[in-house]
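Here is a short briefing on one protein chain. It covers charged side-chain pairs and a strand with its neighbours.

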Amino acid sequence: MAETLTQGKCSALVIGGSAGSLDVLLEIFPSLSVNINFPIILVTHRKAGNDSLLTELLKNRTSLTVREAEEKEKLLPGCVYIAPADYHLLIEQDHTISLDYSEKVNYSRPSIDVTFQSAAEVFKNQLTCILLSGSNADGVEGLKIVNKYGGLVLIQNPETASMGYMPQQAVNEVNPHLILDSFKMAGYINGLIHK
């Protein structure tokens, strides 16, 4: 499968991950370009109470602005928004963030599916989504919607993921544009920068 794809310009990147994804994020973020000109939304399964830990870890590894997402916050290019523990993160049509405390989806809140789907409905073929390591099937249904709207679907190689179940479910059920090893992800993301 080719590693460069011609796609509509990237207006937003959503990264979803669960167990085992932190190591991948810590590998990706130090290599991200300061010229990233789209927002990055990060949805990971984590326990309430560890809110600031992930934010601080990533802040220390990138020159991009990293912050915990807040209700009604406007998505800005070059910023990384982390879904708060115990809230679903949705994207509104005006490109603002909505936080939601409704039922868990796939035993998870935040749910990767919820964010992938709402982002797909807003950004359509200008959305890129990456699904990382994890031990449940969260993200699979959301990626189907991303595909339906013409967005770009990337999945971590299940064979090299520390928890391969989640990416493997996505490979089985979704037609990904690309299956990537973690060490190639930062370069791919930097390649999404539009002139």
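Glu-73 counts as buried, at 14% relative accessibility. The model is predicted. The Glu-73 side chain meets that of Arg-67 in a salt bridge, 2.4 Å from N to O. Arg-67 is partly exposed, with a relative accessible area of 27%.

**Other salt bridges**
- The count of salt bridges comes to 6.
- Asp-86 and Arg-109 meet through their side chains in a salt bridge, 3.2 Å from N to O. This pair links distant parts of the chain, 23 residues apart. Asp-86 lies in the loop between strands S4 and S5, and Arg-109 in the loop between strand S6 and helix H3.
- Arg-109 is buried at 14% relative accessible area, whereas Asp-86 is partly exposed at 23%.
- Glu-56 forms a salt bridge with Lys-59, with the closest N and O atoms 3.8 Å apart. The two are 3 residues apart in helix H2, so about one helical turn separates them.
- Glu-56 is partly exposed at 38% relative accessible area, and Lys-59 is partly exposed at 40%.

- S7 (residues 127-131) pairs with S8 in the parallel sense over 4 bridges. The chain crosses from S7 through helix H4 to S8, a right-handed β-α-β crossover.
- S8 also pairs with S9 (residues 178-180) in the parallel sense, over 3 bridges. Helix H5 carries the chain from S8 to S9 in a right-handed β-α-β crossover.

Notes
Residues numbered from 1 in each chain as written. Predicted model: local features only at pLDDT ≥ 70, side-chain atom pairs only at ≥ 80, totals over all residues. Heavy atoms only, no water. Pairing = 2+ DSSP bridges. Right-handed = clockwise from strand over helix to strand, strands pointing away. Salt bridge = Lys/Arg side-chain N within 4 Å of Asp/Glu carboxyl O. Buried < 20%, exposed > 50% of the residue type's maximum accessible area, 1.4 Å probe, protein only.
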